[in-house]
Amino acid sequence: MAIASAAPLMAMNGALKMATNSQSYLEFQDNSIPKPQQLIVISPSGVQKERMVEEDMYVLSAPLATSYPHKPPKYSDCAPLFLKVQLNHRYHDAIVKLNQFGLDWTTTTHGPIHNCNGTLSSTRNVKMSAKAGALASNGTIEPLRRCIVLDIEGTTTPISFVTDVLFPYARDNVGRHLDATYDSAETQEDIKLLRTQVQEDLENGVTGAVPIPSNDAGKEKVIAALVKNVEAMIKADRKITALKELQGHIWQTGFKNNELEGVVFDDVPEALERWAASGIKVYIYSSGSRLAQRLLFGHTNYGDLRKSLCGFFDTTVGNKKETKSYHEITASLGVDHPSEILFVTDVYQEAIAAKPAGLEVIISVRPGNGPLPDNHGFRTVKSFSEI
């Protein structure tokens, strides 16, 4: 086997780390690692470097000494290119890490980052470990994450806001909304979805479902039947697309007329900003429609928070208590492994569904949330500052 490439490795905590020093192997020195523990990686000749996989690389102990006719290992002719790439990566990684620590990479002193108004950036509080993950407030090392998916009710927003503000607003205004927008394409699509859902409910004997007459019966009778069905659905807190789409359109009017203002817990805005500054993409997954989600986060008691969010998922991707929904989300986010996604919810059944899909799961414990089963096995947090 011919040596196509060789580079010194350092054994660190049982792991291997490629040395990025541009000197030759014999010139490389690291007194912190005994010579017998230094390793090299070699690859067979003829393997295209851009197509190399684990099976094409071999780890060997570094030679303690060489004498004629034996020759020390040397870099391949491609080594300068590899080292150039390594150094470029290290340069960009250094910039990212400086930003994560809240340090200004544009200055020689690397002082704290300042916002445009001269105030210190909140990223100065971010503590990161470059290899292992993030250092949590309790001193533990958290796994690397590329995405965080958040539930709304009981996680970012008090349950009471949903049950005592949003639901009553939709219930009290459904008739007015349908009457004012009845002939619009949007409302006709909502009515079509409701007709389909109500027909299914009638066939299954769902409590509160009443027949919806045909359009020939007249607008008033159709709306009256729709109102009765919607009121029953809201009372039962049903997580169905037909209801959530209509609710979103009703709330849209409320937010537009400043009759509604979204509410989030006090720790949410800072956490969203901190995660975004760390390069973590944050998404929302709620039973509420995507429109309703955008409205809530676009009109909160802390202003528009959508700038820190990358996307929204609703029940069109699947029921939140079904594992296949989380497989769909994983496929949409394009991560290498589902464990790179953290899902935060207050609902135990949703946590149970997300876990088999490979997601990391944390349960949110907020004031007003329901009790959790004993020995549920999930990590819990009372504030996003713990994540």
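Start by selecting Thr187, Asp190, Ile191, Leu194, Gln197, Val198 and Asp201: these residues of helix α3 are buried, where buried means under 20% relative accessible area, exposed over 50%, and partly exposed in between, with a 1.4 Å probe and protein chains only. They lie on the same side of α3 because they cover an arc of only 135° around the axis, taken from the directions from the helix axis to the C-beta atoms. You are looking at a predicted model, in which local features need pLDDT of at least 70, side-chain atom pairs count only at pLDDT 80 or more, and totals for chains, interfaces and linings use all residues. Residues are numbered from 1 along each chain as its sequence is written, and side-chain values use heavy atoms, with hydrogens and water left out.

Now show the whole of α3, residues 185-204. Helices (H or I, at least four residues) and strands (E, at least two) are DSSP runs, numbered from the N terminus. The 20 residues of α3 reach 29 Å from first C-alpha to last, close to the 28 Å expected at 1.5 Å a residue; that expected span is 1.5 Å times one less than the number of residues. On the face turned away from the buried side, pick out the exposed residues Ala185, Lys192, Thr196 and Glu203. Just after α3, stop at Gly205, which has a positive phi of about 70°.

Next, bring in the neighbours. The buried residues of α3 pack against α2 (159-181), α4 (219-235) and α5 (241-256), with contact meaning heavy atoms within 4.5 Å. Select α2 and centre on Asn173, where there is a kink of about 55°; the bend at a residue is the angle between axes fitted to the seven residues ending there and the seven starting there. Asn173 is also among the buried residues of α2, which include Phe161, Tyr169 and His177. The buried residues of α2 pack against α3, α4, α5 and α7.

From here, move to strand β9, residues 281-285, where 4 of the 5 residues are buried. Strand β8 (residues 147-150) pairs with β9 in the parallel sense over 4 bridges; two strands pair if DSSP finds at least two bridges between them. Find Ile148 and its bridge partner in β9, Val282. Strand β10 (residues 311-313) also runs parallel to β9, joined to it by 3 bridges.

Last stop: Glu273, in helix α6 (residues 268-277). Glu273 is partly exposed, with a relative accessible area of 40%.
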